[in-house]
Amino acid sequence: MDEKVILQHLKGGSREALSLLWQAHSANVLNLAFRMMKDRDEAEDILMDVFVQAPKAVQGFRGESALGTWLYRLTVNACLMKLRAQKRHRELEEEKLDVIIEEVLGKDDAKNEHFDAELLEKGLAELPAETRSMLWLKDAEDLDVKDLAEIYKMPEGTIKARLSRARHFVMNYLKERKNHA
């Protein structure tokens with residue numbers, strides 16, 4: 001069945017359309033949730049949450065992107081909410097800290113033996129949660145700006161500006177703290 005037809009039937013409350021959506025996208029949703037949560041049980045919970053909320057959430061979906069992209073956005077949002085609630089986002093940031101360090105500081109400074117990873121973590125913690133997650137998804141998960149724009153429902157220029165401001169904030173944070181040490 002065509003995506004537009006599935007969308008139309010899904011908005012009409014069709015269980016068959018929801019079943020088709022499940023068949024087409026549940027594996028991708030589960031994989032993404034597992035990548036973000038690093039826990040199979042939590043990923044399965046997210047999968048179920050996304051498909052339970054899909055019939056209601058689809059009412060606000062205008063069909064400007066693919067159904068898969070829309071489910072991806074629902075999945076990322078569900079994962080981020082769960083991570084915030086469990087405060088596990090700090091653990092995930094630590095796992096990807098090297099990548100984030102290189103993106104924020106550049107490869108040369110990141111390899112500097114005098115680099116203070118704990119100070120960087122504090123600087124990242126100063127960012128608003130949404131900006132921190134955006135930086136994490138861009139740098140650690142290697143999502144492109146277009147995907148981030150769809151996930152956060154913002155123009156690409158806004159995403160680029162927020163990422164740039166976040167990196168500059170962290171760099172300035174590190175410089176200020178290093179100078180006062």
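Reader: What is the mean pLDDT of the protein?
Author: Happy to start there: this is a predicted model, where local features need pLDDT of at least 70, side-chain atom pairs count only at pLDDT 80 or more, and totals for chains, interfaces and linings use all residues. Residues are numbered from 1 along each chain as its sequence is written, and side-chain values use heavy atoms, with hydrogens and water left out. With pLDDT being the predictor's confidence in each residue, from 0 to 100, 84% of the residues reach 70 or more, and the mean is 83.

Reader: Which element has the highest mean pLDDT?
Author: Helices (H or I, at least four residues) and strands (E, at least two) are DSSP runs, numbered from the N terminus. The lowest mean, 57, belongs to helix H7 (residues 107-110), while the highest, 94, belongs to helix H3 (residues 40-57).

Reader: At what angle do H2 and H4 pack?
Author: Axes are lines fitted to C-alpha atoms, for helices over the stretch in contact, and angles run from 0 to 180 degrees between N-to-C directions. The axes of H2 (residues 15-37) and H4 (residues 67-86) lie 10 Å apart, and the angle is about 35 degrees.

Reader: Which residues of H10 make the contact with H9?
Author: Good one to check on screen: H9 (residues 129-139) and H10 (residues 145-152) pack at about 145 degrees, with axes 10 Å apart. Contact means heavy atoms within 4.5 Å. From H9 come Glu-130, Ser-133, Met-134, Leu-137 and Lys-138, and from H10 come Val-145, Leu-148 and Tyr-152.
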